There are 2 protein chains.
Amino acid sequence: MKSRVVNEDKKVTFTDISKATGLSKTTISRYFNNPDYLSKENAETISHALSELKYQENKLAKVLAKGNTEFIGIIVPNFFHQFYSFFIDHILSTYDQYGYKFITFLGRDNAEAEKRYINELLSYQIEGLIELSHNIHSSYFASLSIPVVTIEREDQFINSVNTNNLLGAKYAVELLERNNCEVLFHINNKISSHIPAYARTQGFIDTCQEKQIESEVFIHAFNDNYNETYQVLENLYFTTKKKYPKQKKGFFFCNDTYANIFLNILIMHHENVPDDYELIGFDNSPVSQQAIIPITTISQNMDKLAENAIMLLEKQIKGGPTDGQTLEHIIVNPTMIERSTTRSAPQRSGH
Amino acid sequence: MKSRVVNEDKKVTFTDISKATGLSKTTISRYFNNPDYLSKENAETISHALSELKYQENKLAKVLAKGNTEFIGIIVPNFFHQFYSFFIDHILSTYDQYGYKFITFLGRDNAEAEKRYINELLSYQIEGLIELSHNIHSSYFASLSIPVVTIEREDQFINSVNTNNLLGAKYAVELLERNNCEVLFHINNKISSHIPAYARTQGFIDTCQEKQIESEVFIHAFNDNYNETYQVLENLYFTTKKKYPKQKKGFFFCNDTYANIFLNILIMHHENVPDDYELIGFDNSPVSQQAIIPITTISQNMDKLAENAIMLLEKQIKGGPTDGQTLEHIIVNPTMIERSTTRSAPQRSGH
DNA sequence: TTGTATGCGTTATCAC
DNA sequence: GTGATAACGCATACAA
């Protein structure tokens, strides 16, 4: 009851197992890595000693000797937007199949801090990096010595997996047109044209032009403040109603949050959805299902995005440095989920 | 252009710096760990060589030599429920202050898989574990050789940080009473009484009894299916309306999702909120703010939960094995956020 | 089938 | 101030 207590905690290593069994450390190592070359008796002996001494393997030592950590770094802006948390959920799910362990950092809005995080990740010998944050230009990632794949962000110099936003917008416009909307509106945040999500606007414009549909694009520098967004969208409601008093209106929003707020505004003003107004959101986030009228939306296929990201990384990790020459931009098609803010969908019971 | 290409990728180590500067590896190490004992000229020389050769530190080797990984493992059931993703967001934010790196696994509903994940984490020498999943009993965690802290789950044999759910329920009941509700209802999932969230029910029952308020508790085995939940809650609406036709009703839900669905049901049936029905949710999740009528809710203080979790872990990590004897259950008080489904709050403009 | 010797990249001990 | 040398825990040629 004096001091030896501290040593009780000491890790048991191959040396201990070696002493306990009378076999060499090499043989212990073989037990794990090449069990075929072991005599059955010795395998038994080792097996017993391992559980007797409660051996706990040390993969870090293994890494130092072998080289591959099976670590992948993730930098994600935050976990407040559903897109990010859902994507991470799918990424982490790949462990069972691919075996990669994930070390995650928050990018927030600080490029300098993010570079520190990346350095920390590199010092832990990550084998690849998944980048969702927007703080740093892709040229920086291209200069790193490890495979990187970006998701739905600027990707000029680096591999990426993105949603086919253009197609998503096309789906939306075509549905609104089929449902006899006479004027179409698109609402989007003020974002750089290098970000894939910008294609939602481009796709809207292109498809409207192609189909000769009267339309307006409303770009605004939204922030994350709910009440401010509400005000902005309510103003939009007033102006569009005044400008196009009799025509059936179709709205395509860049996300479900804005769509939901606009829906609430319409309901409060006793407008008829989907008879006079049709609404389509983007992301298939929970609010689109939980809205007072379930919102038709364009769903990004998270599982495909995540799986392609890991596949792309693994290909580079396994393939070695020579494969790092050609860029690969994988495009995943979205799916339209028709709910009750557009007409052609069946109404949910209870409405 | 033959084969040396492969070697270009080779990591530069202290040995390389040593050769380049003519100094010993020990001195290079000192440059990082005890710069005071270095001559200024040599420090300069090393500094130059480091950037010349683009040295990238290897913390894994450092870990093997020193012992502390600064890794903390996290097991979280999923990233679909906002509670989890928001909590993780706050946990990851502690990096700047505490320096811990986080390796995250998904618990889902599989106890066996989760034990494999924990083993994997242990093999990477994590120094602590944050447990949010419900699959494994706390006795198992107590038997691990590292500090563990659980969040809002069964915690009999292990340290934990939980919300004061009892107080949250009390806040809700008291507000509903102040606003002259005549019958109170509490809706909760069928959960074990060992889970902290169970106290929301207990707190409701206790406070109602204490204040002699007529009340009913509705426990149901909800699943995550939206339409099914809708049906169940719509039935609840019908039965309570029939049973208490003239009395003002107050509903306290175990989460905002149910509160929002019930709100939508009330609106669809042209009921008056908050004149005839008052609603209070739990969690302050986005839907509570984005609902057609913003929902009054009990907010768990995520920042405090996360900070206490890390503090508790660090205390044990730094304190050593002797501190592992006494259990610590930290309780964080929630905050009530009054919005428009209860009467006393100011109405949002536009309504 | 098993053991010896050496290395992975860093830190710690002890000399000089 | 600086440098040999031995650790950390495991893997791998090579030898036997």
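I began at B:Asn58, which counts as partly exposed because it has 18 C-beta neighbours inside 10 Å. For that label, 20 or more other C-beta atoms within 10 Å of a residue's own make it buried, 12 or fewer make it exposed, and partly exposed lies in between, with C-beta atoms placed from the backbone.

A note on the source: this is a predicted model, where local features need pLDDT of at least 70, side-chain atom pairs count only at pLDDT 80 or more, and totals for chains, interfaces and linings use all residues. Residues are numbered from 1 along each chain as its sequence is written, while chains are lettered from A and ligands numbered from 1 in the order in which they are written.

**Around B:Asn58.** I placed B:Asn58 in the loop between α3 (40–52) and α4 of chain B. Helices (H or I, at least four residues) and strands (E, at least two) are DSSP runs here, numbered from the N terminus. Leaving aside neighbours within four places in sequence, I found B:Asn58 in contact with A:Ser123 and A:Gln125; contact means C-beta atoms, placed from the backbone, within 7 Å. I also looked up B:Lys241, which is 183 residues from B:Asn58 in sequence and 67 Å away in space, C-alpha to C-alpha.

A:Gln125 counts as buried, because 21 C-beta neighbours lie inside 10 Å. Its phi is near 60°, a positive value in a residue other than glycine. B:Gln125 likewise has a positive phi of about 60°. Most residues other than glycine have a negative phi, and most peptide bonds are trans.

**Cis bonds.** I then checked the peptide bonds. A cis bond joins A:Val273 and A:Pro274, with omega about 10°, and A:Pro274 sits in the loop between α12 and β9 (277–282) of chain A. In chain B, the bond from B:Val273 to B:Pro274 is cis too, with omega near 10°.

**Chain A against chain B.** I looked up the interface next: 48 residues of chain A are in contact with 49 residues of chain B. On the chain A side, the elements giving two or more residues include β2 (101–106), α7 (111–123) and α11 (226–243). That side has 25 nonpolar, 16 polar and 7 charged residues; Ala, Val, Leu, Ile, Met, Phe, Trp, Tyr, Cys and Pro count as nonpolar, Asp, Glu, Lys and Arg as charged, and the others, Gly among them, as polar.

How are the two chains related? A rotation of 180° with 0.1 Å of shift along its axis superposes chain A on chain B, at RMSD 0.1 Å, by least squares on the C-alpha atoms of residues with pLDDT of at least 70 in both. The two copies are thus related as by a two-fold rotation axis. A:Ile103 comes closest to that axis among the residues of chain A, at 2.4 Å (C-alpha).

**A sheet in chain B.** My last entry is an open sheet of 6 strands, ordered β7-β6-β8-β9-β10-β12, with mixed pairing; strands pair if DSSP finds at least two bridges between them. β7 (214–220) and β12 (335–337) stand at the edges with a single partner strand each, so one side of each is left without a neighbour in the sheet.

Methods: Contact = placed C-beta atoms within 7 Å.
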